[in-house]
Amino acid sequence: MLLWALLVIFVPISEQADWLTLLAPSSVFEGDSIVLMCKGKDDWKIKTMTYYKDRRELFFFKVVSAFHIPSAALSDSGEYYCTATGRTIISWTETSKRVNIDVHELFPSPVLMASSFQPTEGSPVTLTCKTQLPLQKADVQLQFSFFRDGRTLGSGWSHSPEFQIPTMRTEDSGYYWCEAVTMTHVVRKRSQTSQIHVQRVPVSNVRLEAWAAEGQVIEGRKLVLLCSVAKGTGNITFSWHKEATGACLGKMTQPSLSAKLEIPALKESDAGKYHCRADNGHGPIQSKVVHILVRLLVSRPILTLRVPGVQPVVGGVLELHCKALRGSPPILYQFYHEDITLGNVSAPSGGGASFNLSLTTEHSGNYSCEADNGLGAQRSEAVAFFIPGPDGYRGDLVTVMVLGGLFGVLGITGVALLYYCWPHRSSERSFVINPLRAASSRNPQEPTPSSPLPATEEQQSEYVNVGSIDVDVIYSQVWSIQQPEVSANIRRTLENEDSQVIYSAVKEK
């Protein structure tokens with residue numbers, strides 16, 4: 001019996017079945033922790049312990065100890081076993097059975113997807129980082145991040161697998177990828193790189209429009225020149241030009257299909273032909289020419305009264321001529337006698353207009369006219385007009401002529417002029433008979449103020465308000481006249497003198 005016991009004691013442990021066992025999980029996922037435990041039937045007999053993977057030593061322990069892999073990787077898959085040496089009288093080594101451990105992928109490398117890899121500039125693009133967790137790990141949370149040319153897009157890691165780029169620019173072209181990672185950042189994977197090329201669309205159908213309040217381009221008011229394109233992406237540079245000068249009126253660059261230029265207060269010189277240009281890097285494209293016609297406000301008109309002969313008579317014709325020297329046609333002229341409307345005449349092409357009136361004794365008084373081209377009316381200054389009585393002259397005129405006889409022909413004419421013009425300056429600006437006209441408006445066939453009226457022409461008197469002309473002296477032209485009550489001597493004196501024009505200067509107060 002004793003011999004048999006000694007034989008049992010000295011039997012090598014290696015010959016005893018399954019004396020050393022390696023405890024290990026057969027299947028794990030990336031990121032999981034792996035614990036390898038080499039277990040003997042009597043651990044107190046074990047002196048050293050060594051762990052192996054694919055016949056390569058992983059770690060050597062001088063005590064019984066487990067081996068830890070804190071975060072499994074796909075590369076940790078393989079064949080594992082362990083060995084142990086004994087503490088008995090004789091040295092021995094025991095080896096465990098081999099165990100295969102498979103480390104499964106927690107999720108595959110993501111794939112970067114884009115709504116378009118050749119988007120049009122200005123359009124949106126959605127990037128998607130696509131991957132899939134196994135059912136056993138459905139509760140694992142992932143985070144995603146997107147990159148372009150090595151730079152992080154957006155704010156970094158996000159729980160959403162999508163990333164929106166609302167407006168693509170040409171500078172957004174480049175190489176993109178995405179990454180997915182677990183919350184612990186133990187497992188992190190990156191997609192392959194994909195190129196996105198942003199396509200720029202050249203501008204086309206450039207158009208220039210003029211916008212004005214109430215639809216009319218009027219001097220002094222604002223005009224908006226709108227330059228637009230039907231197509232075109234990215235930053236577009238708009239510019240406005242006037243063809244007459246070729247100068248650039250303004251330039252603007254912005255990522256939109258239109259831009260506007262404002263002219264705050266139009267002038268007459270702003271009329272002309274305009275065009276605009278648009279360019280987004282493919283060369284400027286020009287719009288069609290737009291002609292801008294600036295409508296001018298009417299100026300204060302000048303009223304001129306004309307009667308045939310030397311002086312107005314009852315039954316004769318009074319011509320009222322009203323003219324605005326400035327203003328866009330058509331112009332409507334209204335004629336007034338003491339603020340009572342006499343009638344109106346239209347001047348479709350501009351210039352002046354006339355209105356004829358058959359004279360009665362009631363037509364003495366103040367006359368005025370108004371010019372209106374739809375942009376605002378302007379009223380002339382009043383012109384005073386007198387109709388003599390049925391005897392053909394005013395009673396006080398005899399006194400004037402008698403006094404004038406004391407001074408000769410020149411005295412008669414001067415005194416008569418002062419008498420005739422002075423009373424009409426009290427309430428209104430002065431009028432004159434046959435006034436000196438501006439050289440620019442004189443008919444070359446008309447007699448000059450220094451020349452006598454030709455005998456072949458009918459004598460005519462004019463009454464005109466010259467208050468709009470800023471002068472201190474008013475010149476009047478008076479023709480020699482005959483009065484029945486004047487003595488024969490005076491009449492003979494007048495007839496013997498040359499019929500020449502005499503000017504008298506009346507100082508305006």
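**Disulfides and strand pairing**

At 42% relative accessibility, Cys248 counts as partly exposed. This value, like the others here, comes from a predicted model.

A search of the whole structure finds 4 disulfides. With the bonded cysteines numbered in sequence order, the pairing reads 1-2, 3-4, 5-6, 7-8. One of the disulfides joins Cys38 to Cys82, with an S to S distance of 1.8 Å. The torsion about this S-S bond is about 75°, so the disulfide is right-handed. Because Cys38 sits in strand S3 and Cys82 in strand S7, the pair ties together parts that are 44 residues apart in sequence. Both Cys38 and Cys82 are buried.

Cys129 and Cys178 form another disulfide, their sulfur atoms 2.1 Å apart. Here too the S-S torsion is about 75°, so the bond is right-handed. Cys129 belongs to strand S11 and Cys178 to strand S15, so parts 49 residues apart in sequence are tied together. Cys129 is buried at a relative accessible area of 2%, and Cys178 is buried at 0%.

In the disulfide of Cys322 and Cys369, the sulfur atoms lie 2.0 Å apart. Its torsion of about 70° makes it right-handed. The pair links distant parts of the chain, strand S27 and strand S31, 47 residues apart. Cys322 and Cys369 are buried.

Turning to the strands, an open sheet of 3 strands runs in the order S18-S19-S22 with antiparallel pairing. S18 and S22 are the edge strands, and the twist averages 20° from one strand to the next. S19 pairs with S22 over 6 bridges, and Leu225 has Leu261 in S22 as its bridge partner.

Terms used
Residues are numbered from 1 along each chain as its sequence is written. This is a predicted model: local features need pLDDT of at least 70, side-chain atom pairs count only at pLDDT 80 or more; totals for chains, interfaces and linings use all residues. Side-chain values use heavy atoms; hydrogens and water are left out. Two strands pair if DSSP finds at least two bridges between them. Helices (H or I, at least four residues) and strands (E, at least two) are DSSP runs, numbered from the N terminus. Axes are lines fitted to C-alpha atoms, for helices over the stretch in contact, and angles run from 0 to 180 degrees between N-to-C directions. A disulfide is a pair of cysteine sulfur atoms within 2.5 Å. Buried means under 20% relative accessible area, exposed over 50%, partly exposed in between (1.4 Å probe, protein chains only).
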